[in-house]
Amino acid sequence: MIRLEINNQSTEVLEGITLLQAIEKVGVKIPTLCHHKALTPYGACRLCVVEVQAPGRPATVQAACSYQALEGLAVLTHSDRVLRARRIVAELLLARCPEAEPVRRIAMELGVHEPRIRKKNDDCIYCGLCVRMCCERMGRTAVGFSGRGPRKRLEPPFGKHNPICWTCGACDFICPTGKQVSSLTTAKNFLPLSNAFNIGLDSRPAAYIPYPQAVPNKAVLDSTACIHLNYGSCGICQEVCEAKAINYEQKPLATELNVGAIILAPGYEIFDARLTKDLGYGRFPNVITSLEFERILSASGPYSGHVQRPYDQKQPRRIAFLQCVGSRDSERDYCSSVCCMYATKEAIIAKEHLGEGLQCDIFFMDLRAFSKGFEQYYRRAQELGVRYIRSRVPIIKEVPASKNLIVEYLGEHDKRISEEYDLVVLSVGMQPPKEVKALADRFGIELNEFNFCKTSAFTPAQSSREGVYVAGPFVEPKDIPETVMQSSAAAAQALSLLESARGTLIKPKLYPAERDVKQEHPRIGVFVCHCGTNIAGVVKVPEVVEYARTLPDVVYAENNLYTCSNDAQDRIKQKIDEHKLNRVVVASCTPRTHEPLFRNTMAEAGLNPYLFEMANIRDQCSWVHMHQPEEATKKSKDLVRMAIAKSRLLQPLQRQHLKIEKSALVIGGGLSGMTSALSLAGQGYHVYLVEKEKELGGDLRHVYYLLNGENPQDELARIRNEVDRNAKIHVLTNAAIENIEGSIGNFKTRISRNGETTEIVHGVVIVATGAKQYKPKEYLYGQNENVITQRELEARLAAGGEFLKPNGRAKTVVMIQCVGSRDTDHPYCSRVCCADAIKNALKIKQLSPATNVYVLYRDIRTYGFKEGYYTKARQQGVAFVRYDEQRKPEVSQNLKALEVTVFDQTLGMPISISSDLVVLSAGIHPHEENRQIAQFLKVPLNSEGFFLEAHMKLRPVDFMTDGVFLCGTAHSPKTLDESILQAQAASARAATILAKDSIELEGNISHVLDEKCDGCAYCVDTCPYKGITLLEYMWQGSVKKVVQTNDSVCKGCGCCQATCPKDGVQIYGFTLEQIRAQIDAALEVA
Amino acid sequence: MAARLAEEWFAICGGCEVTILDIGEPLLDVLKQVEIVHMPVIMDHKLFGQTGENAEMEIPAADVGLISGGIRNEEHKKLALEMRKKCKILISLGSCACFGGIPALANQFSTQELVDKVYRDSKSTEKDGLPHEQIPELTDRVYAVHEVVPVDAYLPGCPTTPDMVANALLSILEGKPLPALSSKSVCDECPTKREKKAVGTLKRRLEAPDFKPGAPLTEMRCLMEQGYLCLGPATRGGCGGHDGVPRCIRAYMPCEGCFGPLSEKANPMVDMMGALSSIGLDPKQIPDRAATFNRFAGAGRLRPAPRR
Amino acid sequence: MGISPVQSVSAVAEAPPAETFQPLIIALCCNWCSYAGADLAGVSRIQYPPSIRMVRVMCSGMVHPNLVIEALTKGADGVLMCGCHPGDCHYQEGNLKAEKRAEAIRLMLSDFGLEEERFRLEWVSAAEGPRFAQVVRDFTEQVQKLGPSPYRTQ
């Protein structure tokens, strides 16, 4: 070690380092331009000059980067002499390269705004960074200096392009003036590494973090592109990484695992739009895929959420979405199921970004908004001005000058129309990844004709090989909720298979001991989230952080790009430690989704999780005040101030533990209920299966054949038999639920059966109450015996048909779709009717090919592989006639037959069909009894009367109420295999609770302040859980009274708190004092 | 040496002065040790000198000052200031002094409304019979004493209890700290049994509650549960004195709140309305809400209804 | 001990013109339904005026009437309380208790010289994002019509 003085401060540094390193080590900043940590010092720019005095010698001005730190030196980094020298250097540099951004910035910082000498407008400052980079790091000498003095030039050897350059681009990367050095050295074009996460819309370096929310959020090296890994040179990243985290020696590691079951979820690939040549993808820059557009819309995308064309970065004013690109064609006779809705979503979001003026046209064939809530979303898109044009676009042409696109299509009445758009988005379909063939071979599983995994309707999460389960679009194109359901279903199957091994590999997570902060004064840390641009796009986040710093007891505040990301959790823990924080406030999104994450982080940092508070500045602020940035920023400050005010009063809380009753109640004995029961029993739990009718089976009893030919009655018999034989399943038929009490882990249900009432105790509930078929009131149903429903038709067909009419063969059958669906009273799609109609139409054609079948429809929604049957039906001559909601078909009866009149939208004229049989595709409606079950369980219904899950996309089988799960048509209309998947998923989710011996209860429960309570007993009667009792005790000779709460019964509703006339009982975490502090903070003027 | 005692009364009925008499035997001990230097209720003390020669009011210096009654006019205000100046220890005697008491019910109305009602609009008065001369100006509302001058101790109650007065005076004479008020509510001392709060309609006070005469109060059901509006939960305890049982309860009557609210911030109306509506009583059936719950505590809590 | 009064009577002031005034409304929302409904309004990007400051409570039944009265007498221009629809309460019937207390609150507001329209109790379910936004819009408008709270000091 040597000792020297920097700015009159004595300091010790390692021997052999430069003055610059020594100066940086003591935290003094001086400007540099030609210096780079990974390159040898050069001393060219002279910006880093400092005044150096060696003992006994006069002070001199020296470049710090190339001057060695020596014992006894006295250094001044900002003396007048130094600054004068630096300013002259900066002025000269500025005169040479007035446009270079770093030169301008440094000059500005030194107070030099305009050079006094003539500008040279050069693009090279002769700093030599590129030369050193190429020589020292890349091991090439593709560029160097030639000539001296005024004739000094940056040149390749012999002044020519040279094969020695391997076009790595390091010279361009390091150049401070932005000069294209590589153009001197090579004539080759650079191919940037394309960023796969943004579908190649932008580029990335060879050392990169794959995407903003990658887990773990760490950089990786692209081994195919890294210069060091391929040529042994470079290695700069190792040099600059402060954490010394770069390890070039890492190699892929093969690990052998012993597993009992395998779940395959290889996902999907989008269709390569280049294959549809006429649409111009790959040739026309402004024809992009929907996934590219998705990235363009994303805040973390290539343009930070600014919607613009890739070609010229201009905002589009007219966007066309073309549906069914790579779906529903001759080679891919299936529907990708998700494109209609994602196009609708992208159109709405694009309109949100660019305003009402943006024109969004969606070219489609059938709008397949079949899932829960989709039809309503489709209607909303129309209200927002998204235009839907029913046409398949055959060809796109480009306007060469503007690169705009001409879409030519057949409009109504076969009129040729061509329209110009700024941007065309191709709604590309899903297909299995290319690797699945190899995968299938390796795992010995069968694929179907389109290379999706082959499954059966009754084992939809199982491959052809036992023990190998499958999930996601690998099985069939599907949306997020179906994917989530199938994943849980696959997990349930695996859990049943591995029941005996359950829990054998668990390592409990250990948390550090909790720091006792009760005696400490609050020290609050505030973390404000950008949420990409979700918050920061509206709210001025840095301003909010600055403001938070001014509030009392706040000792630390910062902003994060994503406060929920993994690295941010580490940061929070680090800051808790560094600043001895004892309260943490995160201003980001809703505590309903993210509080658990941050509480866990608190625990990991050794703080009680209840010392955490959130301010919801996204859902309650940036998203709902998108056009009022000023107000939103002000409100964010208010919300942060409120959260801080509350956090100051937070106290550490302890959670109670509650024993779990290891059995389940399944309400409903249909297919879903039986499947759930079998799955849970298979995983080792007792199940009470409650059915209101006298036998199990539900609606499956009325299904006689499936589209793919499978016989459901055989399956039903098998399932019923299995249920009957399973000792763990207790079947209660003819049963009515009278009451359900209790909560997760400990429910008590009263069931009456044949006049007797029994009470069962169980830990979880699965709601599988199903739905019912609409009994039509329209189209003469019930008045004419030849007007029947699809279900009645199916029963007749299953019995051979004979044939569909009491007297003689039916020559013409007309089916009417959307009866009791997609109308004002039932604004949702019943999902199954299109496929059912086609199933029955095919059956008619099979039994009596001469019978004419007409299907009057609005959109045929044969999503997924059902599309193939639609094709087949058309091939077999089933006539599909499209009608409009405004002009519904009319059915009239005369003496001979039924007359169906309909306005054919395709032909543009009314037609009339004289028909022997009219079949109504009656919709699926929720049971009225749902309401009562919902009340018992404290779970919500949606506006149509179906049960409402915790999250439409991500938690499709959970309720917000813990311990209650949902499956089958009680959730929404769905097909048989979808019901099975959801039922298995519900059992997997329920098993996550039943697998535990106890659960932790919330800490936010009620608590009596003995010094304030004097037993007036008002709260006793108001407690809905009967959790408060009045105690009497003797004190100084007289009887005193006080109330006591029961922690295991208390749910923390706070009825007692709001009743007490003297603040004598309060809810931990929501005390009157805490709520009052929030209100007071809100009323303070910022 | 005997302690010098001054007593002054403002807007009050005089009941609290009677309470001093009610101390009973201990009063003899007290009287031996005090010298009453000023007490309008029993002494004709001239405020402006014996012949009215002084321009300013004057009260003799005293060790202890008692003030009963709230401040209703400018004279009260001046007297309060004078008492504070001359007394080492100043005590608010009774609920009127502590929180305005019954006269403070007038705070629901503006001074003009009051004057009009009493001197102009009532049938029995002559029009424009408003007295003008030799009458001190009314203050804008009735104030509790401590709203005008700092007070060292409070003896609430309507009237206050002899026990409390005796304890306070004896403590001062013995040089002990003044006894603290109870921090608990009337319910804390109330011996009645609680089963389930009343629902349905409230009973009127003159209906007799259900109790067995002569039986201990512990056998009587809580009066609220019997359907009587009882302010016990929102009223400071301690009125029972050495007996320990709240005075009204002892008389089979529900608490009316004369000991005032439990804390300076507490609002008995909101607290009680909250509690009553929580157990399912129709809040509309409570007559004259503001006055009912603030019968004795109107000084800071009642206000005239605003006109817009 | 001290028995000091609540705020003086003279706080009642004249209302300035309503057009320019941005009310400050305290919204007390229950965690299970209304707070979720507000989140849904956010997720659906349904715009509403930036007038409310939301306080999350577990149940509308835990809000003591004192909190409402205090908020209004400390200068809030309005208080909006939101709970689950009757029958949907996560805690059985907290919302019905809140409804009873709301009656009492409305009665008492006149005792404090306040219009009862400054307080509103609404049921908003987790699925009613648009309704939440509508409630905020309506209530904001209603409070705007009333003008600033007479207790407002700034």
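User: Before we start, how are things numbered, and what makes a feature count?

Analyst: Residues are numbered from 1 along each chain as its sequence is written, while chains are lettered from A and ligands numbered from 1 in the order in which they are written. The model is predicted, and local features need pLDDT of at least 70, side-chain atom pairs count only at pLDDT 80 or more, and totals for chains, interfaces and linings use all residues.

User: Why is A:C818 called buried?

Analyst: A residue is buried if 20 or more other C-beta atoms lie within 10 Å of its own, exposed if 12 or fewer, and partly exposed in between, with C-beta atoms placed from the backbone. A:C818 has 24 other C-beta atoms within 10 Å, so buried it is. You'll find A:C818 in strand β36 (residues 812-819) of chain A. Strands here are DSSP runs of E, at least two residues, and helices are runs of H or I, at least four, numbered from the N terminus.

User: And what makes the phi of A:C818 worth a remark?

Analyst: Most residues other than glycine have a negative phi. A:C818 isn't a glycine, yet its phi is positive, about 55°.

User: How do you know that A:D1063 is buried?

Analyst: Its count is 20 other C-beta atoms within 10 Å, so A:D1063 is buried. A:D1063 also has a positive phi of about 55° without being a glycine, and its place is the loop between α27 (1055-1059) and β49 (1065-1067) of chain A.

User: What makes the bond between B:C158 and B:P159 stand out?

Analyst: Most peptide bonds are trans. The one joining B:C158 and B:P159 is cis, with omega about -10°. B:P159 sits in the loop between β7 (153-155) and α6 (162-173) of chain B.

User: How do you know that the buried residues of α1(B) line one face?

Analyst: In α1 (residues 15-22) of chain B, the buried residues are B:C16, B:E17, B:T19 and B:I20. Looking down the axis, they fall within an arc of 150°, so they line one face of the helix. That arc is taken from the directions from the helix axis to the C-beta atoms. The face turned away from the buried side carries exposed B:V18 and B:L21. Just after α1(B), B:G24 has a positive phi of about 80°.

User: Why are β29 and β44 of chain A called edge strands?

Analyst: Two strands pair if DSSP finds at least two bridges between them. The open sheet has five strands in the order β29-β28-β27-β33-β44 (chain A), paired in parallel. β29 (729-732) and β44 (964-966) each have a single partner strand, so one side of each is left without a neighbour in the sheet.

User: What makes β33 and β44 of chain A a pair?

Analyst: β33 (residues 764-767) and β44 share three bridges, in the parallel sense, against a cut-off of at least two. As for partners, A:I766 bridges to A:F965 in β44(A).

User: What makes up the contact between chains A and C?

Analyst: Residues are in contact if their C-beta atoms, placed from the backbone, lie within 7 Å. The contact takes 48 residues from chain A and 46 from chain C. On the chain A side, the largest share, eight residues, comes from α28(A).

User: And what does the contact between chains A and B take?

Analyst: It takes 15 residues from chain A and 20 residues from chain B. Elements giving two or more residues on the chain A side are α26 (1018-1022), β48 (1038-1045) and α27 of chain A.

Definitions and conventions:
Contact = placed C-beta atoms within 7 Å.
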